[in-house]
Amino acid sequence: MVDSGGLWTPPEDELGEALQTAQVLIEEGRADEAGPYQQRVIELARERAEGSPNHYEAKHLMAATQYELAGSLNASGRHEEALAALHEAQLGYTELQDAGVLDATSFLADIRARRAMTQAHRGHGATAVLEMDGAVIAYGQLVGGADGLKHQPDFARVLAMNALILRRYGDPALAVASADAATQLFLQLADQINESPQSLSYARYLCTATAVSADVHAAEGRLDLALEADEIGLTTADTLADSDSATDMRTLVAALVRKGKHLGIVGRLEGEACLRTAYDTDGETAVRVVEELDRGLPLTLVAALENAEIKLGPFEQYHRLLALSEPAPGMTLATVSGRTDPESAAVRATELAELVRPLLMQDAEAGLTLGLEAHYLFAISSERESHRMRYETSTYVPIWAQLLLDISEAYYQAGRTEMALDLGGWCAEVATALIPFTDDNATMKDLAGSCYRHHGDLLAAAGDLTASHHAHEAAQQLQLGR
């Protein structure tokens with residue numbers, strides 16, 4: 001929801017009417033219809049801000065509505081436009097924070113979370129995991145602060161979003177930890193949430209959390225926990241389905257399918273009734289959810305390490321890497337950054353990276369799992385500006401760049417072009433950090449050039465010929481020493 005933060009009161013005019021209409025549509029689960037009203041709000045707010053640089057109320061309204069517009073654009077499948085709207089929202093909130101008008105920490109965390117979901121919609125799962133990691137950490141700090149109580153519902157919301165992304169692109173063990181934490185927090189805050197104007201939105205995120213919990217617990221054989229999550233999710237989805245939202249009806253059908261499948265596993269006949277109701281209500285959604293469940297989950301870090309030991313033979317770093325499956329001191333293991341501290345992250349990432357290339361030739365799934373985990377740890381260590389990544393760049397960044405080259409190419413060969421392009425973009429970005437070392441180091445120069453060319457090839461395959469030309473030009477200039 002658009003949050004004024006106390007800066008403005010919605011006016012009783014065309015702007016106010018457009019704002020109100022957009023908010024009602026969002027609450028009804030019809031975000032895809034809210035876009036034109038949000039665009040009008042932004043247009044009118046911009047008119048009010050023009051010629052008045054200190055018109056912070058209008059600027060806040062513009063930033064808040066850009067954030068909401070991104071959600072509507074995502075609902076319409078317009079993800080590139082959503083990213084642009086989020087960029088505008090970030091600029092707006094940063095300006096307000098720099099002016100001392102408000103503390104924008106929670107707003108900027110929300111932007112990261114929505115950007116993560118947008119990247120996930122595009123299939124750019126590696127970027128999505130890291131964006132959402134940052135959002136969870138930011139909200140965790142807010143919950144631990146002086147105003148922690150007021151941020152708890154949104155912390156639960158972000159944990160639910162984090163769980164969904166990790167279920168698709170990360171470690172299912174992290175996903176279920178995040179989902180269970182979100183569910184528990186939502187239930188603890190039920191009275192507070194039910195009195196909130198955003199109660200329906202929070203209920204939808206509760207359904208997201210319980211779905212991830214049920215999926216992972218069932219896959220790991222914990223059917224009692226899966227059915228418990230199913231019951232919470234189905235009860236919530238049934239209440240939501242009283243709305244006129246097609247999205248909420250699909251959520252109910254998905255909950256029925258999950259419960260029906262899990263009841264069937266434990267031999268309870270009522271599972272057939274759940275599935276029959278789901279198919280009768282919305283057969284297309286039911287088929288989609290069944291296909292998703294049948295595809296299963298990605299490998300956990302632990303399973304990938306076990307496979308690596310089987311395929312490659314015992315390796316010295318096995319137990320150090322296995323320890324990443326337990327939370328670092330003072331951390332809760334619901335994010336990749338909870339695995340270890342930023343300094344150790346670069347070292348553990350290096351140890352994972354050593355396994356990836358040989359493992360890709362024998363067990364591609366395990367190799368890609370370890371490769372992604374290594375990338376996440378390198379990226380977190382870099383974002384947190386660890387000593388190793390800042391002052392030992394020539395040691396760690398080449399390993400990171402080669403890792404990204406290897407796994408991006410492997411994803412491309414496997415037909416997962418969106419992930420390949422996502423990692424190819426990271427590869428080119430990391431290569432830029434190698435440039436200072438290329439003048440007197442031919443190996444560094446070749447590696448950086450390979451990163452640029454690889455990214456250029458992927459961009460060309462995706463049809464972005466202009467960006468591809470720029471990437472290949474950068475590689476050529478590097479080779480020529482310009």
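His-124 sits in the loop between α5 and α6. Helices here are DSSP runs of H or I with at least four residues, strands are runs of E with at least two, and both are numbered from the N terminus. This is a predicted model, in which local features need pLDDT of at least 70 and side-chain atom pairs count only at pLDDT 80 or more, while totals for chains, interfaces and linings use all residues. Residues are numbered from 1 along each chain as its sequence is written, and side-chain values use heavy atoms, with hydrogens and water left out.

Is His-124 buried or exposed? His-124 counts as buried, because its relative accessibility is 11%. The cut-offs are under 20% relative accessible area for buried, over 50% for exposed, and partly exposed in between, with a 1.4 Å probe and protein chains only. Setting aside neighbours within four places in sequence, His-124 is in contact with Gln-119, Glu-418, Met-419, Leu-421 and Asp-422. Contact means heavy atoms within 4.5 Å.

Now step back to the whole chain. Its secondary structure comes to 23 helices and zero strands. The C-alpha trace spans about 70 × 65 × 45 Å along its principal axes. The radius of gyration is 23 Å, which agrees with the value near 23 Å for a compact globule of 482 residues. That radius is taken over C-alpha atoms, and the globule rule is 2.2 Å times the number of residues to the power 0.38. Of the 482 residues, 54% count as buried. The chain exposes about 21,500 Å², and carbon and sulfur atoms supply 50% of this area. Accessible areas come from the Shrake-Rupley method with a 1.4 Å probe; for residues, only the protein chains shown count as cover. Among contacts between residues at least 6 apart in sequence, 64% join residues at least 24 apart.

The largest nonpolar core has 101 residues. Such a core is a set of buried Ala, Val, Leu, Ile, Met, Phe, Trp, Tyr and Cys residues joined through side-chain atoms within 4.5 Å. Which residues have the most contacts inside it? They are Met-132, Ile-165, Leu-305, Leu-352, Leu-370 and Trp-400. Helix α7 gives the largest share of this core, eleven residues. Leu-370 touches Leu-301, Ala-304, Leu-305, Ala-308, Leu-352, Leu-355, Val-356 and Leu-359, not counting residues up to four places away in sequence. A second, separate core has 20 residues, including Leu-227, Ala-237, Ala-241 and Val-253.

Thr-65 lies in helix α3, residues 56–75. Thr-65 is buried, because its relative accessible area is 1%. Its side chain reaches the backbone oxygen of Leu-61 at 2.7 Å.

Charged pairs come next. Side chains of opposite charge can pair when their charged atoms come close. The structure holds 26 salt bridges. Each is a side-chain nitrogen of Lys or Arg within 4 Å of a carboxyl oxygen of Asp or Glu.

Start with Glu-80 and Arg-122, whose closest N and O atoms are 2.7 Å apart in a salt bridge. Glu-80 is in helix α4 (residues 79–98), and Arg-122 is in the loop between α5 (105–121) and α6 (125–143), so the pair links distant parts of the chain, 42 residues apart. Arg-122 counts as partly exposed, because its relative accessibility is 22%.

The side chains of Arg-157 and Asp-110 also meet in a salt bridge, at 2.6 Å from N to O. This pair joins helix α7 (residues 148–169), which holds Arg-157, to helix α5, which holds Asp-110, across 47 residues. Both ends are buried: Arg-157 at 8% relative accessibility, Asp-110 at 12%.

Helix α5 takes part again through Arg-112. Arg-112 forms a salt bridge with Glu-383, with the closest N and O atoms 2.9 Å apart. Glu-383 is in helix α18, 271 residues from Arg-112. Glu-383 counts as partly exposed, at 43% relative accessibility. Arg-112 and Glu-383 belong to a network of salt bridges that also links Arg-115, Glu-131, Asp-133 and Arg-384.

Glu-385 counts as exposed, because its relative accessibility is 52%.

Finish at helix α22 (residues 442–461), where Asp-457 is found. Asp-457 is partly exposed, at 47% relative accessibility. Its C-alpha atom is 46 Å from that of Thr-236, which is 221 residues away along the chain.

Note on methods: A polar contact is a pair of N or O atoms within 3.5 Å; within protein, one must be able to donate a hydrogen and the other to accept it, and residues adjacent in sequence count only if both atoms are side-chain atoms.
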